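I opened this notebook to keep a record of what I looked up, entry by entry. The structure comes first, and my notes follow.

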Amino acid sequence: MPQFSRLFNLKGELFSSTFTFGVTAVIKLGSSLILTRLLNPEAYGIFAILFSFLFMIELMSDVGTIGLLIRHPRGSEVRFVHTVWTVRLIRCVFNFCLVFFGAPVIAAVYQTPVLTSAFRLLSFWFLISGAESMSFALALRDRRARISNYADMITNAVMTIFVIVLASVLKNHFALIYGSLLQRALLTIGSYFFYRNVGVGIAFDREALADQFKFARLVLPASVLTIVLTQYDKVVLLKFFNLTLMGIYGIAGNMIGPITGMIVHNARVVLYARCSEYFRTDRATACSRYYDENHRLLTLGVMLPALVAGFSQSIVTILYDPRYTMVGTVLMVMGLGGIISAFQYASENLLVASGQTHAVLVANVIRLCSIIPATYFGYYLFGFDGFLWFNFAATFPLMIYFFREQKKLGLLNLANESRRLGAAVLVFLVSLAASHLLLVLIPAGWLHLGLKRH
C-alpha cells in the first residue's frame, strides 16, 4: 500500500507532470479526431503560423521574469513580486501592440490576407496573459509545480470542448483562436485563487529592476537562438509550400508534442535535479549513478517516440480521413527525431549539472549550423520529403557533440547508450512491421473509423 501511494501521489511532482502530460495527450488526440472532420487542413496551417509567430514574439521579448522570480533570494517578497509582474505587464502590452498593428505587414510578407484579422484577434492573448498573477511562478519556486500542471490540464479540457462546439458552427480557424484565448483567460482567472496574500500591483523596486535587466542580458541571446532553432521550420515552411502542408505539419507536431514535451520536462526537471545531487555529493560516482538510477527514465524517453514513429501510418490511416494521410509520414520522421532528442536532452542536462554550462550555447550553435542548411538543401533537392528527412539527419551532429563532451569528462558509458539506441531502433522496426501488417489485415470499411468525408 505505501508503494502504491508513492507511485500515485497526486501531490508528487513527477507523478503530476507525467499524469497531466498523459491526459493532455489523450485530450489532444481525441479533439484532433473530431476537429479534423470539422476543419480543413488550411485551418490548421493558419493556426500553426499564428502560434509560431506568437511564440517567437514571446521569446524575443523574454527578460526572464519567471526564472528570476524562482531563483532570486527576494523572490517571495511582495514588492519584488509586484515589480516583476509590472515588467511582465509592460512587456505584454508592448507585444499586443506589435502584433495588432503589425498584422497587415506579416500577412503581406506571406501574401496571405486572411492572416491580418487572425493575428489581430490572437494579439489579445498577450493582454490576457499580462493580467495573470505570479502565483504559478511562485508555485514553481516553492516546488509546487503540480498547481500549474493540473491547471493546464483542466483548462485544456475545457478549451477542447469549447473549440469542438465552436468549430461545428464556424468551420474555420477562428474556432482554434477563440479556444486559445479562452484557455488563457481561464488560467489568468485561476491564478488569482492561489497566493492571494501576494496578489498583483504596480511597483518599481530599483534593486529588483536592476536584477531583472541584468538577468535579461543572459536570457535574451539564448531566447533568440531558441526562436531560430524551434520556429524556423514553421516560418519558412509557409514560404516554401502552402497552408495545406503547413496544416499537415502542424497536426503531426501536435500529435508528437505531448511525448516530446514529457521528455523535455522530465530531463530538465527530474533528471537535472538528480544529476545536480550526484555532483554535489560525490562527483566520482556521478557517472555510474546517472546510468544505474535513471535506467527507466532514460529508456522511457527513447521508447515512446520509437513506438509512435513505427505505428504512425496506421494511427493516421485508421483514425483520420484521407485528407490527412500525409500526416503519417511527417509523424514518423518527427518520432525518429524524438528518439535522438531524448538522448540529447538527457546528455545536455547531465553536462550542465556537472558545471559545463557552455555546452548549451555550443549546442545551439551546432544546431544553427547544421539543421538550417540541411533543410534548405533537402528542400531544393527533394521538396517536402527532403525538408523532413534532412531535418532529421541534421540532428546527429549534436548527439555526437554531447557524447564527445561526456567522454572528455569521463561521464560516458558508450555501451549503455548503444544498447538503448539499438533497442529503440528495434522497437521502431517491429512497430513499423506491425503497422503495415495491421493495415493489410484490417477491413477496408474500418479504415478512417468507417467515416467518409461529406
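How far apart in helix H16 are Trp-389 and Phe-392? I found them three residues apart in H16 (residues 358-393), which means that about one helical turn separates them; helices here are DSSP runs of H or I with at least four residues, strands are runs of E with at least two, and both are numbered from the N terminus.

Before going on, I noted that this is a predicted model, in which local features need pLDDT of at least 70 and side-chain atom pairs count only at pLDDT 80 or more, while totals for chains, interfaces and linings use all residues. Residues are numbered from 1 along each chain as its sequence is written, and side-chain values use heavy atoms, with hydrogens and water left out.

**Aromatic rings.** I took rings of Phe, Tyr and Trp (its six-membered ring) as paired if their centres lie within 6.5 Å, with planes under 30 degrees apart counted as stacked, over 60 as edge-to-face and the rest as tilted. By this rule I have 16 aromatic pairs. For accessibility, buried means under 20% relative accessible area, exposed over 50% and partly exposed in between (1.4 Å probe, protein chains only). Trp-389 is partly exposed at 33%, whereas Phe-392 is buried at 16%. Elsewhere I noted one aromatic cluster formed by Phe-96, Phe-100, Phe-101 and Phe-124.

**Salt bridges.** I counted four salt bridges in the structure, each a side-chain nitrogen of Lys or Arg within 4 Å of a carboxyl oxygen of Asp or Glu. One of them joins Glu-132 to Arg-184, with the closest N and O atoms 2.4 Å apart. Glu-132 lies in the loop between helix H7 (124-131) and helix H8 (135-141), and Arg-184 in helix H10 (residues 174-191), so this bridge ties together parts that are 52 residues apart in sequence. Glu-132 is buried at 7% relative accessibility, and Arg-184 is buried at 15%.

I also looked up Glu-405 and Lys-408, whose closest N and O atoms are 3.3 Å apart in a salt bridge. They are three residues apart in helix H17 (residues 396-408); Glu-405 is buried at 10%, but Lys-408 is exposed at 55%.

My last entry is the salt bridge of Glu-417 with Arg-420, at 2.5 Å between the closest N and O atoms. Both residues lie in helix H18 (residues 414-441), and both are buried.
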